[in-house]
Amino acid sequence: MTNTASPLSPLALLRRPAGEWIDAGTHLNGFGGFHGGLTVALMAAAMRDEAPDIPLRSVTARFHRPISDEFRLETSTVRTGRSVTALGARAVTAKGIHVDASAVLGSPGTAEWPTFAPAAPDAPPPEECGIFAIPPEFVPISSYLEIRPVGPNRPYAGGTEPELTAWIRLLEDEEPPDVLRFVLLMDSLAPSYAAVLSTLALVPTVELTVRAGANLDRAASPWILLRARTRAATADGWVDEEIDAWGRDGAHLGSAHQLRIIRTD
């Protein structure tokens with residue numbers, strides 16, 4: 001096992017070669033462990049290395065336990081087809097499997113089909129929205145992010161609608177998001193269900209799916225507009241959440257779906 005020399009930023013970690021042990025430093029923690037979106041982005045990067053010339057269409061991860069130690073990524077090819085390739089990955093520590101994931105990669109088609117995408121919500125540009133500062137001792141990875149909420153809803157503010165909308169970007173550079181940054185950012189808002197809570201309760205992710213859209217390749221700004229909405233929530237604490245993302249020009253960049261569970265212990 002080889003330790004990493006010093007704490008790395010999210011983007012520096014995403015640029016490292018796949019196959020090396022990853023130091024799950026606490027500076028990259030989200031709620032209670034290594035940030036889930038960054039974990040999935042790293043797994044997506046490792047799976048893309050198996051088929052680097054085919055675009056990533058979808059990645060799904062299932063979180064079995066938090067990562068708090070060094071971990072490594074194992075990948076496998078499930079199927080290679082003419083237009084669709086399916087891959088798998090696992091995040092493993094000495095304790096076993098913490099996260100398993102699957103990805104769908106697909107070659108571009110030649111036909112021109114009608115397109116559909118959700119319209120962007122009305123939102124002022126990010127420069128006109130105030131910064132929402134998350135205490136880094138609560139969510140350490142937040143020091144690498146800038147979040148500017150849109151509208152009145154805030155996490156744990158006891159609102160009436162389980163929805164959060166915000167501009168978000170990575171602070172490390174001015175580059176627009178590629179598919180790996182996109183996967184990371186799609187899991188970087190507080191849970192939308194937290195908007196109706198007035199006391200702290202963690203709502204961790206059990207399963208996360210991220211799907212990048214065709215417009216992501218044409219994004220020109222580091223800012224993306226996220227709208228996270230709870231579609232359904234049960235009395236025993238299971239939360240079904242959907243997330244959509246748009247660029248500054250209003251183009252739909254992709255979507256995500258999360259299965260969460262509310263925990264108070």
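# Briefing: cores, surface and salt bridges

Glu 207 has a relative accessible area of 31% and is therefore partly exposed. The model described here is predicted; the mean pLDDT of the protein chain is 92, and 98% of its residues reach 70 or more. Its largest nonpolar core contains 58 residues, and the structure holds 14 salt bridges.

**Confidence**

- Residues 1-5 have a pLDDT that stays under 50. For this stretch the model has 9 contacts beyond four places in sequence.

**Nonpolar cores**

- In soluble globular proteins, nonpolar side chains tend to be buried together.
- Within the largest nonpolar core, of 58 residues, the members that touch the most other members are Phe 34, Leu 38, Leu 42 and Phe 71. Helix H2 supplies the largest share of this core, with 9 residues.
- A further core of 7 residues lies apart from it, and Tyr 156, Leu 197, Val 203 and Val 239 are among its members.
- Leu 42 belongs to helix H2, which spans residues 36-48. Its relative accessibility is 6%, so Leu 42 counts as buried.
- Beyond its neighbours within four places in sequence, Leu 42 is in contact with Leu 13, Leu 14, Ile 22, Phe 34, Phe 71 and Leu 73.
- Leu 42 and Arg 181 are separated by 139 residues in sequence, while their C-alpha atoms are 9.9 Å apart in space.
- Leu 38 touches Pro 10, Leu 13, Leu 14, Leu 28, Ile 141 and Leu 184 when residues up to four places away in sequence are not counted.

**Tyr 156 and its backbone**

- Tyr 156 is placed in the loop between strand E5 (145-150) and strand E6 (163-170).
- The phi angle of Tyr 156 is near 60°, a positive value in a residue other than glycine. Most residues other than glycine have a negative phi.

**Nonpolar surface patch**

- Phe 31, Phe 138, Leu 200 and Leu 202 make a nonpolar surface patch of about 350 Å².
- Leu 202 is located in the loop between helix H3 (179-185) and strand E7 (205-212). With a relative accessibility of 31%, Leu 202 counts as partly exposed.

- Side chains of opposite charge can pair when their charged atoms come close.
- Arg 62 and Glu 207 form a salt bridge in which the closest N and O atoms are 3.9 Å apart. This pair links distant parts of the chain, since Arg 62 is in strand E1 (residues 56-63) and Glu 207 in strand E7, 145 residues apart.
- Arg 62 has a relative accessibility of 24% and so counts as partly exposed; Glu 207, at 31%, is likewise partly exposed.
- Glu 174 is paired with Arg 169 in a salt bridge, with 3.2 Å between the closest N and O atoms. Glu 174, at 55% relative accessibility, counts as exposed, whereas Arg 169, at 7%, counts as buried.
- A salt bridge also joins Arg 231 to Glu 242, the closest N and O atoms being 3.6 Å apart. Because Arg 231 lies in strand E8 (residues 224-233) and Glu 242 in strand E9 (residues 238-246), the pair ties together parts that are 11 residues apart in sequence.
- Glu 242 is partly exposed, its relative accessible area being 23%.
- Arg 231 and Glu 242 are linked with Arg 229 and Asp 240 in a network of salt bridges.

- Glu 127 occupies the loop between strand E4 (96-106) and strand E5. A relative accessible area of 54% makes Glu 127 exposed.
- Not counting residues up to four places away in sequence, Glu 127 touches Arg 148, Trp 223 and Arg 248. The C-alpha atoms of Glu 127 and Leu 184 are 22 Å apart, and the two residues are 57 residues apart along the chain.
- Asp 244 is part of strand E9. With 12% relative accessibility, Asp 244 counts as buried.
- Asp 244 and Pro 124 are 120 residues apart in sequence, and 17 Å apart in space from C-alpha to C-alpha.

Note on methods: Residues numbered from 1 in each chain as written. Predicted model: local features only at pLDDT ≥ 70, side-chain atom pairs only at ≥ 80, totals over all residues. Heavy atoms only, no water. Helix = DSSP H or I, 4+ residues; strand = E, 2+ residues; numbered from the N terminus. Buried < 20%, exposed > 50% of the residue type's maximum accessible area, 1.4 Å probe, protein only. Contact = heavy atoms within 4.5 Å. Core = buried A, V, L, I, M, F, W, Y, C linked by side-chain atoms within 4.5 Å. pLDDT = per-residue confidence, 0-100. Patch = residues over 30% accessible without salt bridge, like charges linked within 9 Å, V, L, I, M, F, W, Y side chains within 5 Å. Areas by Shrake-Rupley, 256 points an atom, 1.4 Å probe, with all protein chains shown as cover. Salt bridge = Lys/Arg side-chain N within 4 Å of Asp/Glu carboxyl O.
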